[in-house]
Amino acid sequence: MIEEYKKLKTKNLTINIQADAINEIREKMLEKNSARIFNDGKIFSANFLGKIEREELKTRALQNQYGALDYDYDLNSNVTHKEDFGKRLEDTQVVALTKKLVDHFKKELPDFIYSGKFDYEENDSDLEVSSGIDLKVTNSHAGGYFVLKRKGSPNIMDSMVAFGTGTGDIDLNSFNHFIDLHKKFDTVVDMEAGKYPVIFVSEKDFLAKFRQSCSPDQYHQGSAFYSGKLGEKIFHEDINFNDVRCDEKHGLFAKYDHEAQAVEKELPLIKNGVFTNIIYDKKTAKKYDGKLTGNGKRDFNTAMKPMAYTFDFAPGKKSYSELVSSQDKCIVIIMAGGGDTTSSGDYSSPVQLGFFLENGEIKGRTPEITITGNINKMMGEDFIAISNDEFFPLRSHSFMCHMNILK
Amino acid sequence: MEISKQLELIDFSSLNVDYADIRVEKTDETMILYRETDLREATESPSLGAFLRVLKNGNWAFKATTELNNLQDEFKKLEARVELLPEGENLSWPKREAKHYEVMKYAEISCNKASLKEKKEFCSALIPTLMEEEMIQGPIVVYKDQYKEKWFRASDGVSYHYDYNHAGAYAAFTLKDGENRYDDSHKYFFQNVIGQKDKAIEELKKTIAKAKPFVNAPTVEAGKYRVVLDSEITGIFTHESFGHKSEADFMLGDETMKAEWEMGKKVASDILSIVDDGNWPETSGDLPVDDEGNKKEKTYLIKDGKLAGRLHSTQTAIMLDEKPTGNARAMNFQYEPIVRMTNTYIEKGEKSLDQLIAGIESGLFIEGARHGMGMSTFTIAPSKAYKIQDGKITDPVKVSVISGNVFETLNLIEEVGNDFHIASSSLGGCGKMEQFPLPVADGGPSIVVSEMTVS
């Protein structure tokens, strides 16, 4: 019988901004405990949100006969690691950093009303397994978002900016592109329907079908869009796409997964357009005869499952500025929320907020438009480039391709 | 010690604050996942936690904790913590009548009445139906339930104790024929699994049969169409298009908006009335009293096409000089209440769905929703769409999203049917900022919209 105990203590200090006012502060202190008992091919588990003695947790796990799951894979053993990541912040520093960000945006873009959150989190995690595993990791990171509403606008929100850091500070210059675009928010350009270069600077929900295809169950059971395509060139040769595990600047700190499997900083999923890897935990790697990738993850109250860390394109050769300047006409997508892709790969989304540029010069905000394209073409013959820099202080490189614009 | 007794021991009068309250939540949740015949998850998660709030000089300090033994000390710490914030605008808490709400109605029918074994048996009973169909690849069955008991006590004498319950599941699958595929699912909602199995299997068989023609269906030609939305889509449309716009927190700090959103202003077709009402037992939007102790009332957002109300927390009501509507809700004990919906729906009309379709020469019938989102442009990803030709439903087509400008579309609603339904879910819910998923329900009848972008 092998006993596994996991304890996660988290402390969050969250500052709420409501209509420009920094008027709410929230502290959250939680202790999350779980036990998994491996015995005779079965995993017996129990969890508790709050303090609990190990013996009590073990008793509950062993009594949980109907919640037992099968396992047939080898468990790791003799892994000891201790690490501390991130910059610790005092409560007063968190409030000061929030104020610095709010003041900057209010000064640069005074016609907007700001709401949102700045959240600082400290994690103290401890994984002990009787097979000789002892992983103790502490980390801290901060991040958040501001929702922007143009004064007088009938909309719930008109724009959004997100940020994250593992270093305890955020360079205000990293918002310059965002601010420059929004200075032209009130100018709505008149544009024709047709085909245009489009650059996605943050969310990329057109990747949903590919993300789903990286799940081993969906891939191997044939229900994924790219099932059976591993090893094949499916995208343009300049496309490289990774599962990013460790990037301290952006608050990503994984060196081991939750099964105590050491992980590389990045796992290539697409390499020069070729579908190279999907992700596995121990169970699915054994089931589908796949190569273990260190993607076994679980919350304190869930079973282990293969989960990605942070998907991102590998940086390309040109910056965001160079990319938008290289096109006669171009649309920058800040928010394209609510889009979807049919089971034939046809992607469509309304543009909630976009800007129209000519030769890199910002002309104004796009009218209400819808973008459409087939995902194979967007990442194939219609692909243009990936940026070598990030538009927001977040781990996310911009993606540019040709798309159809409907009015 | 009993939780209600523990709350009674808190001495609010010793705190130098304008207002304080505490909410305690005791929750039991179950999650089960089958991938094909493989059980991947069968977890029961109990939790007990508290959320404390103090208001002083216009600023709030909150604390979420699982440690319930030092609540008085935690309030004292919050009294100091609130001073960290910059000086705010003064916010005077309204005078409320001291009152206790006791609304315990789910204990006898809760999801806890079924054992984990019975819940697993419900899920595994659906698997053979999915596995027997040759075209189906990678089916999953997910089950989720929640029974929650909540206690609340505020410094102004308001308190409550009520419970909430839901259970449900979905069976999702991909139908594949060569390179063509179609993703679909069947959703279930009930209070507990006891006696649900046979009916659930029959419903799943019908869903699979209905999905098959979509595998080789063509993708719709993108453009503007006259559409009939079924009651599920109507519900999502109502929630996403106008429900979120009625949440009063989005109006704070904008004087122009107060004038723009004056009550009585015409904002929709005359036939349209939209309501938010927590008083629908056994729906996922059931809410007798909100998370700061205000009774949830039936709130008309639009009545006969005119702006009739908006959704408030106490704070937004004070700031906009209106009355709280009982819509301050938190996802769980870890979060502060913010303005949220409950059951949001369009009131029904006179015509049947068949009569609505019979009146359409050319258009689309949109049925079932996968997800939706509401900003300046609302968007809904439907699960099924059919052409309507000469008043009859004809061929299936694949659609990724339907979308439109919220205010334009509200004025383009031509007909409202009589086939009223409110859709609940135990698996999803509403997301607002960091709080997702909050249980809500939405619905209405089928409606006809004269023009909507379909792509």
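Strand β2 (21-39) of chain A and strand β3 (residues 59-65) of chain B pair in the parallel sense over 6 bridges, where strands are DSSP runs (E, at least two residues) numbered from the N terminus and two strands count as paired if DSSP finds at least two bridges between them. Within this pairing, Thr65(B) in β3(B) is the bridge partner of Met29(A). The model is predicted: local features need pLDDT of at least 70 and side-chain atom pairs count only at pLDDT 80 or more, whereas totals for chains, interfaces and linings use all residues. Residues are numbered from 1 along each chain as its sequence is written, and chains are lettered from A and ligands numbered from 1 in the order in which they are written.

Between the two chains, 62 residues of chain A are in contact with 68 residues of chain B, contact being defined by C-beta atoms, placed from the backbone, that lie within 7 Å. The largest share of the side of chain A that touches chain B comes from β2(A), with 11 residues. By class, this side of chain A has 19 nonpolar, 27 polar and 16 charged residues; Ala, Val, Leu, Ile, Met, Phe, Trp, Tyr, Cys and Pro count as nonpolar, Asp, Glu, Lys and Arg as charged, and the others, Gly among them, as polar.

Among the elements that give two or more residues to this side of chain A are β19, β20 and β23. Strand β20 (residues 346-350) of chain A is largely enclosed by the rest of the structure, because 5 of its 5 residues are buried, that is, have 20 or more other C-beta atoms within 10 Å of their own C-beta atom, placed from the backbone. In a regular strand the side chains alternate between the two faces of the sheet. Accordingly, Asp346(A), Ser348(A) and Pro350(A) point one way from β20(A), and Tyr347(A) and Ser349(A) the other way. β20(A) pairs in the antiparallel sense with strand β19 (residues 340-341) of chain A over 2 bridges, and Asp340(A) stands opposite Ser348(A). The hairpin of β19(A) and β20(A) has 4 residues between the strands, and Gly345(A) takes a positive phi near 90°. β20(A) also pairs in the antiparallel sense with strand β23 (residues 370-374) of chain A, over 5 bridges, with Asp346(A) opposite Asn374(A).

In chain B, strands β16 (residues 377-389) and β17 (residues 392-397) pair in the antiparallel sense over 4 bridges. Their hairpin has 2 residues between the strands, and Asp390(B) in the turn has a positive phi of about 50°. Of the 455 residues of chain B, 55% count as buried.

Terms used:
Buried ≥ 20, exposed ≤ 12 C-beta atoms within 10 Å, placed from the backbone.
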